[in-house]
Amino acid sequence: MKLRERLSGIWLMAMTLLSLCGFTVFFVAQMWLNILFAVYLTLPILQIAALIIYMWGPDKLKIRPLKMLYRILCASSVFVIPSFVFIFMGLISQYHVNIPESIHAESMPVEELLPQDHTVIYNTGTVYVFFPEYTEIELVCENRPSKSDDSITWCSGAAFQHTVSLDFTQENVEGDHAVRGKLYESPYNKENFAAFVFAEDQFGFEFENPTEAIKKAANAGGSGFMQFGLIRDGEPVMNFDRPRARCYRALAELNGNVCIIDSVNMLHFDEFMEELLRLHVTNALYMDMGAGWNYSWYRGADEKVVTLFGLPVPWSHNWVVFNVSY
């Protein structure tokens, strides 16, 4: 066997193992996107087929179309490494960064978890409670907020998007929403959606009639969006079973103030809910923390930006933003 043929065999075996490893990570980590699921399933199938033909002997292929097919199967291996890198980046993006500047609040009375005159973060050991400094909370669509905008104190993904698309349309945002006084009605309202609104310097959570709350906020020149209701008046209204641990986030009302609550480490959903209830969270919306959509950052008391999840994806198109205007 020639050296070139041996190297080809080693390459095909390596790419087959790498593609199988990548698909396994993708499947176990549940980084679900239908189009990517098909891609990551197809890649190992193609590599296995190429490897089988190689072990059988490509020289035994007498029909020209079969030879061309074998070459195509071999050529597909060039996509294995980029796809594995993408999966790896998506996986590590699901781990929350440590926040040294957070205040240790394991033994603090819940009623002392309050905002200050600057962005403050409490660490209860299970969750981080963020109280961003703000004068306004708004929904930003299409163009991702810039970290160089020093008026922004918090930025994270907001509403679900109905389909994975590189192009942005307001219709693709699930749930009615308002952007600086402009109302956008959605064909994808869900029964268990609740609304978060901010208008006339006041925030609000609405579970009974979220559509009307969004319209009212728009008429007042404010912003708002819909997400799954999590806690209403101190009682859980959302309960689902996640098959694995992950980082979770909620947009919440705690001690009469709006805040963002992130899990410190990966945990199960019921553990996250138990901590929210222990903190006596009044109202909360579920904020999706899937790979890519967990993109988020805040501006600390020293005016430096701290990135929590730093992998933006090109098909994520709307964010909730806390900002300060002087």
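Q: Is R232 buried, partly exposed or exposed, and what is its relative accessible area?
A: This is a predicted model, so every value here is computed from predicted coordinates. R232 counts as partly exposed because its relative accessible area is 33%, which falls between the 20% and 50% cut-offs.

Q: Which residue does R232 form a salt bridge with?
A: The partner is E208, and the closest N and O atoms are 3.2 Å apart.

Q: Where do R232 and E208 sit, and how many residues apart are they?
A: R232 is in strand β10, residues 223-232. E208 is in the loop between β9 (202-206) and α5, and the two are 24 residues apart, so the pair links distant parts of the chain.

Q: And E208, buried or exposed?
A: E208 is exposed, at 60% relative accessibility.

Q: How many salt bridges does the count come to?
A: The count comes to six salt bridges. One of them joins the side chains of E138 and R180, at 2.6 Å from N to O.

Q: Where are E138 and R180 in the chain?
A: E138 belongs to strand β4 (residues 136-141), while R180 is in the loop between β6 (177-179) and β7 (182-184). They are 42 residues apart, and the pair links distant parts of the chain.

Q: What about burial there: is E138 buried or exposed?
A: E138 is buried because its relative accessible area is 6%, under the 20% cut-off. R180, on the other hand, is exposed at 60%.

Q: What is phi of R180 near?
A: Phi of R180 is near 50°, a positive value in a residue that is not glycine.

Q: What is phi for E200, and where is E200 found?
A: E200 has a positive phi of about 55° and is not a glycine either. E200 is found in the loop between β8 and β9, and it counts as exposed, with 64% relative accessibility.

Q: Back to salt bridges. Which residue does K215 form one with?
A: K215 forms a salt bridge with E185, with 4.0 Å between the closest N and O atoms. K215 lies in helix α5 (residues 210-219) and E185 in the loop between β7 and β8 (193-199), so the bridge ties together parts that are 30 residues apart in sequence.

Q: How accessible are K215 and E185?
A: K215 is partly exposed at 30% relative accessibility, whereas E185 is exposed at 54%.

Q: Switching to Q227. Where is its place, and is Q227 buried or exposed?
A: Q227 is in strand β10. Q227 is buried, with a relative accessible area of 0%.

Q: Which backbone oxygen lies 3.1 Å from a polar atom of the Q227 side chain?
A: That is the backbone oxygen of A158.

Q: What else is Q227 in contact with, leaving aside neighbours within four places in sequence?
A: A158 is on the list, and the others include A159, F160, N192, F193 and A194. L285, Y286, M287 and D288 are also in contact with Q227.

Q: How many aromatic pairs does a search of the whole structure find?
A: It finds 15 aromatic pairs. Among them, F196 and F203 are stacked, 6.5 Å centre to centre with 15° between the planes. F196 is buried, at 2% relative accessibility.

Q: Which residues form one aromatic cluster?
A: Y128, F130, W154 and Y298 form one.

Q: Which residues form a nonpolar patch on the surface?
A: L3, L7, I10 and M13 do, with about 420 Å² of accessible area together. L7 is in helix α1, residues 3-29, and counts as partly exposed at 49% relative accessibility.

Q: Last, the overall picture. How many helices and strands are there?
A: The protein has six helices and 17 strands. Its C-alpha trace spans about 75 × 45 × 40 Å along the principal axes.

Note on methods. Residues numbered from 1 in each chain as written. Predicted model: local features only at pLDDT ≥ 70, side-chain atom pairs only at ≥ 80, totals over all residues. Heavy atoms only, no water. Patch = residues over 30% accessible without salt bridge, like charges linked within 9 Å, V, L, I, M, F, W, Y side chains within 5 Å. Areas by Shrake-Rupley, 256 points an atom, 1.4 Å probe, with all protein chains shown as cover. Helix = DSSP H or I, 4+ residues; strand = E, 2+ residues; numbered from the N terminus. Buried < 20%, exposed > 50% of the residue type's maximum accessible area, 1.4 Å probe, protein only. Polar contact = N/O pair within 3.5 Å; in protein donor to acceptor, adjacent residues only side chain to side chain. Contact = heavy atoms within 4.5 Å. Phe/Tyr/Trp six-rings, centres within 6.5 Å; stacked < 30°, edge-to-face > 60°.
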